[in-house]
Amino acid sequence: MKLSQAAAALFASAVAVGAFTPSVMPLSRNIGASARPRLFVPKFTSSLAMSDSAVVDAETVEEDINTSFRFQAEVGRVMDIIINSLYSNRDVFLRELVSNAADACDKKRFLSITDGDTASLAKPEIKIKSDKDAMTVTIEDSGVGMTKSELQNNLGRIAQSGTKKFMEALGEGKADVNLIGQFGVGFYSAYLVADKVEVVTKSMQPDSPQLKWTSDASSSYTISEDNSEPIEGSGTRLILHLKDDALEYMESAKLEELLQHYSEFVEFPISVWKEKTEYKQVPDEEANKDLPEGEEPKMKTVPETTEDYEQMNTNKPIWLRSPSDVTEEEYKDFYQSAFRATYDEPMAHTHFSLEGQIECKSILYIPGMLPFELSRDMFDEDAKNIRLYVKRVFINDKFEDIVPRWLKFVRGVVDSQDLPLNVSREILQKSKVLSIINKRLVRKSLDMIKEIESDEDESKYIMFWNNFGKYLKVGCIEDRRNKDDIVPLLRFFTSNSGEEYSSLDQYVENMKENQKQIFYVTADGREKAQMSPAAEKVRSRGYEVLYLTEPIDEIMIENIPEYKDFKLVDVSKEGLSFDDEDKEERKKKEEELNTDHKAVKDFLEGALAGKVQKVQMTDLLSDSPAALVQSAYGMSPTMQRYMKAQNVAAGGSDAGMMGSFNQAVLEVNPTHPIVVDLERMIRSEGEESEEAKNFSVLLYDVAALTSGYEIEDSGDFAQRILSMMTSKSKSDIRDAEVEAQNVVQEHVDDNHENV
């Protein structure tokens, strides 16, 4: 059952017995301690608690210590929903129970300070031990403990939270207390892995007996005096009798893994009973049998296995400290331990907090290298970049809306008790709180990037750009709110920058006088952009050209039509014009060129029918014989390849998917020797000349290759090359034969003269 279905079933079952009233109040939870972020649901009335006959006054309860109590029928049904439907991952049982134990410890510390009980000021702790013979896991804390009435109220009532009541009792006063659970259902997560739970507890109230609460999640539970191992001082001991399919939780390695994942930064020491092997040096009796007197005995290494408690949560939550109190070394150590990045040193970090209506503390990092999981997929769903905590307890690291996906590479922690989590603390709900935190995280991330950019050591930003530049490009596409801040951070190769990167600000600074356009060309790499005939048209006039060398660049640039009032212009599009020339003059000049070379223009359009939209004569090309350009709304060759690949991946065919829509325009340089030669062939051999036709198609193929297009029929292209080579070879052979005959004739003539 999905969570929404579970909530519906919970509501329906309660309404059926009149369990809800119109009022609204926060849900809550406890085992002897707890605290969770705020969530509002309809108020539970007494019908969801024990029957009136079972809810006895605390003083009366103490007189009859061994009593059985029964859940009402609908409560058992609600428990079934909680146990089987509320949590999607049963690993979280340990997080919930350790959080409860931490709350109990924090309550004890607070009460000990306020009551002046110096004997109880020793720091409470949490211990976890498994027993493979008994198939149990025991979680014990030295916290506040519970009385019998508290056992009834906190464990016998669904969604009843002792922590919630404890916090309400504190009122509005500021208290040094860090409580986690407020939902009142976390304790029941124990039944995800256990079919029976025993709670042994002793309250810190004077003369409190040691009690045991027992239930197998059926319709009843029992409370009795406990004669097992006494609890020293006060505290609670949970004994989970594991289900047959949950025996993996008896392994100390599994428990250690979960504690490191969820409870790494809980304030109180958490220790796990585990087996440890140490190696000792002892005398080697066999080797020392014949040892001469006075010589030093020979030693050997032997393993020694011991069992003891080992603390798991040794890392400190530095985000809760003031930034002025944290050293650079501590920031680095925290990053490397929290994100398991031993060999990576972060390039930058920021430590900040939000105060007021929303409280939030956070540390963000920019990694020094691209995380491994992002090297395979830049938006890998399993990449765990932002770790969400509530009061030091890890909640999740897969909340998509905490930061936009273009900041997937930023790592960090966010700790806030105001986040709108669902009851199981597994789903982050959309809200104004989330939106505010999202905006602040984005702003702080941009500040870090700008800080790297402004560093005197320019190599730092080059390293950042090589690792994470593609994410900023995605930001230009997807994040309209922050696009204006991202665009100045972009870097490009240009026709003037060589192997160095250039920014748009640098381009604008280097613009020619009266230049009002920023020129760019798309290509598969800097070298191919340099070869592009379209870029040649602009470079020959002294303008700088941006090289967009990745498939995402063309989509990105469509979202940046202008920069600082300068229009961005694609030089590979038809109708290119410059600011220093009159458009009417340009149009008139092109018409004259088309008229003067009408024969070759018409011949090319006929020979290339179906390949190009039209042929246009131009004087903008200087070194190239021809170039392919797109119409104003056509796709570049890079984008066409991308679209074809997408179509094939979706099960379609790449053949002719765009029809004639993306047929390019062939621009021809009439002064180039190749075009002059073609024009001569047409005049001498006529329009039916096969050689001229092959020459025309070959001209198109070369223009396509240099302009970034692919040759559709590579076999036909190869055949044309071979035909031309063969024709050239035959011509050379004929010339050689004629020359040889001439040499022989000259030799004969010389002999006759000598005679």
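This is a predicted model: local features need pLDDT of at least 70, side-chain atom pairs count only at pLDDT 80 or more; totals for chains, interfaces and linings use all residues.

Colleague: How many of the residues in S14 are buried?

Modeller: A strand is a DSSP run of E with at least two residues, a helix is a run of H or I with at least four, and both are numbered from the N terminus. Buried means under 20% relative accessible area, exposed over 50%, and partly exposed in between, with a 1.4 Å probe and protein chains only. S14 spans residues 386-390. The buried count is 5 of 5.

Colleague: Which residues of S14 point the other way from Ile386, Leu388 and Val390?

Modeller: In a regular strand, side chains alternate between the two faces of the sheet. In S14, Ile386, Leu388 and Val390 point one way. They are buried, and so are the residues that point the other way, Arg387 and Tyr389.

Colleague: Which residue in the turn between S14 and S15 has a positive phi?

Modeller: S14 and S15 (residues 393-396) run antiparallel and are joined by 3 bridges. Leu388 stands opposite Asn396 in S15. The two strands form a hairpin with 2 residues between them. The residue with a positive phi, about 55°, is Lys391.

Colleague: How many residues apart are Glu373 and Arg411?

Modeller: Their side chains meet in a salt bridge, 3.4 Å from N to O (a salt bridge is a side-chain nitrogen of Lys or Arg within 4 Å of a carboxyl oxygen of Asp or Glu). Glu373 sits in helix H9 (residues 372-376) and Arg411 in strand S16 (residues 411-415). Glu373 is buried at 19% relative accessibility, and Arg411 is buried at 9%. The pair links distant parts of the chain, and the separation is 38 residues.

Colleague: Which residue in S9 is the bridge partner of Lys196?

Modeller: S9 (residues 235-242) is mostly covered, with 7 of its 8 residues buried. On S5 (residues 136-141), 6 bridges join it to S9, antiparallel, and Ile139 has Leu238 as its partner. S6 (residues 194-202) also runs antiparallel to S9, over 8 bridges. The partner of Lys196 is His241.

Colleague: Why does the salt bridge of Asp245 with Arg90 tie together separate parts, and how many residues apart are they?

Modeller: The closest N and O atoms of Asp245 and Arg90 are 3.5 Å apart. Asp245 is in the loop between S9 and helix H7 (252-262), while Arg90 is in the loop between helix H3 (73-86) and helix H4 (92-115). Asp245 is exposed at 52% relative accessibility, and Arg90 is partly exposed at 24%.

Colleague: Which strands stand at the edges of the open sheet of 5 strands?

Modeller: The order is S17-S19-S18-S21-S20, with mixed pairing. Inside it, S18 (residues 517-522) and S19 (residues 545-548) pair in the parallel sense over 4 bridges, with Leu548 as the partner of Thr522. Each edge strand has a single partner, so one side is left without a neighbour in the sheet. The edge strands are S17 and S20.

Colleague: Is Glu499 buried or exposed?

Modeller: Glu499 belongs to a negative surface patch with Glu456, Asp457, Glu458 and Glu500. Such a patch joins like charges within 9 Å, from residues with over 30% relative accessible area and no salt bridge; nonpolar side chains (Val, Leu, Ile, Met, Phe, Trp, Tyr) are joined within 5 Å. Areas follow the Shrake-Rupley method with a 1.4 Å probe; Asp and Glu count as negative, Lys and Arg as positive, and His and the chain ends are not counted, with each charge placed at CG of Asp, CD of Glu, NZ of Lys or CZ of Arg. Glu499 lies in the loop between S17 (493-494) and helix H13 (504-509), and at a relative accessible area of 64% it is exposed.

Key
Residues are numbered from 1 along each chain as its sequence is written. Side-chain values use heavy atoms; hydrogens and water are left out. Two strands pair if DSSP finds at least two bridges between them.
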